[in-house]
Amino acid sequence: MVGMRYSPHDCRLALTTVLEFQRSPMKISQLQTTVELVKRNNTSRCCRGSPHEAPARKRVTMIPESAGATPYGIFLLADDYLSAAKLAFRDPRIGTGPVRLMTYHAAELFLKTYMRSAGETIDALRALGHDLEKMVVRAKSLGLKLPAQIFAQSRKLSANNDYVRARYVVTRERTDVSDESVLRYCQTIRSSVIEALNMDELGVPQGAPWLGALPTDYPKQAPTESP
């Protein structure tokens, strides 16, 4: 686009998309979704800092459960949920439920980012449900290194059924983990995944986009497009 400046981050995003497309071709529609994410991220950064002009946000269809889901695509969605949770946490008009729900969902997606990269199929990820304790145990078995407190916190969250309670319960219990602790819990998982997958702080892969062989359910070649 004439007059548009692209940052080094945007260039890395574009290069990552091309390399991943070359290694295992996606459907054209899936590639377009990735390109739309790149354009959206670029637009939001260009408009940041202008209090009078809200960035135009396009509705992007991103379905991590689809067979063509990549680790990087899932990571981007997880980061969106975590960013939204942090904004909600700082807004006094928003209660604890939305903050916790978005944070838990972000943590789930960060863990699925690693598991997908390690070769897990979408069916295997779905079978874990929304049980964060099961997810951290499975991610560990696939090689993800997590601090001991993450396992302890995951057990407590599962015991309290907090992931579900955050959706419906408006009262707090004394045994509930604080919102600050929940955000730190998710941030720790994010940092562990970044290190394990050799990503930069923005989640851009610095090496191979997959830990090993592609998942068995990942499209091996692009289908013939209808005219």
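**Leu82 of helix H3 is buried, with a relative accessible area of 3%.** Here buried stands for under 20% relative accessible area, exposed for over 50%, and partly exposed for what falls in between, using a 1.4 Å probe and protein chains only. The model is predicted, and for that reason local features need a pLDDT of at least 70 and side-chain atom pairs count only at pLDDT 80 or more, whereas totals for chains, interfaces and linings use all residues. Residues are numbered from 1 along each chain as its sequence is written, and side-chain values use heavy atoms, with hydrogens and water left out. Leaving aside residues up to four places away in sequence, Leu82 touches Ala106, Phe110, Leu183, Cys186, Gln187 and Arg190, a contact being heavy atoms within 4.5 Å. Between the C-alpha atoms of Leu82 and His105, which are 23 residues apart along the chain, the separation is 8.3 Å.

Helices (H or I, at least four residues) and strands (E, at least two) are DSSP runs, numbered from the N terminus. Read from the N terminus on, the order of elements is α-α-α-α-α-α-α-α-α. The chain has 227 residues, of which 41% are buried. Among the contacts with a separation of 6 or more, 72% are between residues 24 or more positions apart.

**Helix H3 (residues 71-90) and helix H9 (residues 179-196) cross at roughly 155 degrees, with axes that come within 11 Å.** This makes H3 roughly antiparallel to H9, on a scale where angles under 35 degrees count as roughly parallel, over 145 as roughly antiparallel, 65 to 115 as roughly perpendicular and the rest as oblique. The axes are lines fitted to C-alpha atoms, for helices over the stretch in contact, and the angles run from 0 to 180 degrees between N-to-C directions. The crossing of H3 and H9 is left-handed, a term for a near helix turned anticlockwise from the far one by less than a right angle, with clockwise being right-handed. From H3, the residues that meet H9 are Phe75, Asp79, Leu82, Ala85, Lys86 and Phe89, and their partners in H9 are Asp179, Glu180, Leu183, Cys186, Gln187, Arg190 and Ile194. Sorted by class, this contact of H3 with H9 has seven nonpolar, one polar and five charged residues, where Ala, Val, Leu, Ile, Met, Phe, Trp, Tyr, Cys and Pro count as nonpolar, Asp, Glu, Lys and Arg as charged, and the others, Gly among them, as polar.

**Helix H6 (residues 132-141) and helix H7 (residues 148-159) have axes that come within 8 Å and cross at roughly 150 degrees.** At that angle, H6 is roughly antiparallel to H7. The residues of H6 at this contact are Leu132, Glu133, Val136, Val137 and Lys140, which meet Ile150, Phe151, Ser154, Arg155, Leu157 and Ser158 in H7. By class, six nonpolar, two polar and three charged residues make up the contact of H6 with H7.

**Glu108, in helix H4 (residues 96-117), is joined to Tyr163 by a polar contact of 2.7 Å between their side chains.** A polar contact is a pair of N or O atoms within 3.5 Å; within protein, one must be able to donate a hydrogen and the other to accept it, and residues adjacent in sequence count only if both atoms are side-chain atoms. Glu108 has a relative accessible area of 2% and is therefore buried. Apart from residues up to four places away in sequence, Glu108 touches Gly129, His130, Leu132, Met135 and Tyr163. Glu108 and Cys186, although 78 residues apart in sequence, are 8.7 Å apart in space, C-alpha to C-alpha.

**Asp200, in the segment after H9, places its side chain 2.9 Å from the backbone nitrogen of Leu202.** A polar atom of the Asp200 side chain also lies 2.9 Å from the backbone nitrogen of Val204. Asp200 is buried, its relative accessible area being 15%.

**Asn161 has a positive phi of about 55 degrees although it is not a glycine, and Asn198 likewise has a positive phi of about 55 degrees.** Most residues other than glycine have a negative phi. Asn161 is placed in the loop between H7 and helix H8 (162-168), while Asn198 is found in the segment after H9. Asn161, at 41% relative accessibility, counts as partly exposed, and Asn198 counts as partly exposed at 44%.
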